[in-house]
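Let's take a walk through this structure together. We'll start with one pair of side chains and then step back to the whole chain.

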Amino acid sequence: RARRALQRLNEWRILDHLDRDVGGRRAGSRGYLYAIGPAGARLLDRRYGLRIKRLYQPGARFVAHTLAISELVVGLHAADRAGELDLLEVQTEPQCWRGFLGFMGARLVLKPDALVRIGVGAFEDRWFIEIDMDTESRGTLLVKAKRYLSYYRSGREQAESGVFPRVVWAAPTSKRVGQLAEVFAELGGEAGRLFVICRHRDLLLRLISGAAS
């Protein structure tokens, strides 16, 4: 009965669903992911004044990146419950984004993947998180790293919170770790002080050990 009701709502475009993947663990399953369709969006807007974003099919890279961030957040909360660290706050996108004025007053936005605050006794560690999936070119990495340095030099974060978070870049392979290190070496001493590089599998341990040290 539930499937028939969902099918009717889908036919009326009150609900839409994502296409099923061919192959994989759910191959042949009748399960769908549903979201508000165009007719449903109009109904919600008319009755409640709610504006709903349209459904779209996420790509494999987007899904992998989102799952990596979600895994980190879950791991942080689990470590907090286990007493391995004192998790004060996790900000994810877009809450962790930071707007600032760059060179010649240009309006810029820094877009880390997350901001993490970890208690260390009477103090706290702050980290901007970058989950690298080895999909960005050397030039793109250089631009992103320079954006962090520009935000650091703007002084806005320091004025609001008193400190500037260190930036931990988590890469999927040792080879990618080396590539990131080569890129950051071009930027001089400030990058060396601000940036930390590790493997994906070591990211949570790096945050825990940073809080313990």
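Look for Arg 117 and Glu 89, whose side chains meet in a salt bridge (2.8 Å, N to O). A salt bridge here is a side-chain nitrogen of Lys or Arg within 4 Å of a carboxyl oxygen of Asp or Glu. This one ties together distant parts of the chain: Arg 117 sits in strand S6 (residues 114–120) and Glu 89 in strand S3 (residues 86–92), 28 residues apart. Strands are DSSP runs of E with at least two residues, helices are runs of H or I with at least four, and both are numbered from the N terminus.

Keep in mind that this is a predicted model: local features need pLDDT of at least 70, side-chain atom pairs count only at pLDDT 80 or more, and totals for chains, interfaces and linings use all residues. Residues are numbered from 1 along each chain as its sequence is written, and side-chain values use heavy atoms, leaving out hydrogens and water.

How covered is our pair? Arg 117 is buried, with a relative accessible area of 18%, while Glu 89 is partly exposed at 24%. (Buried means under 20%, exposed over 50%, partly exposed in between, using a 1.4 Å probe and protein chains only.) The two also belong to a network of salt bridges with Glu 124 and Arg 126.

Stepping back, the structure holds 14 salt bridges, and the protein chain has 8 helices and 9 strands.
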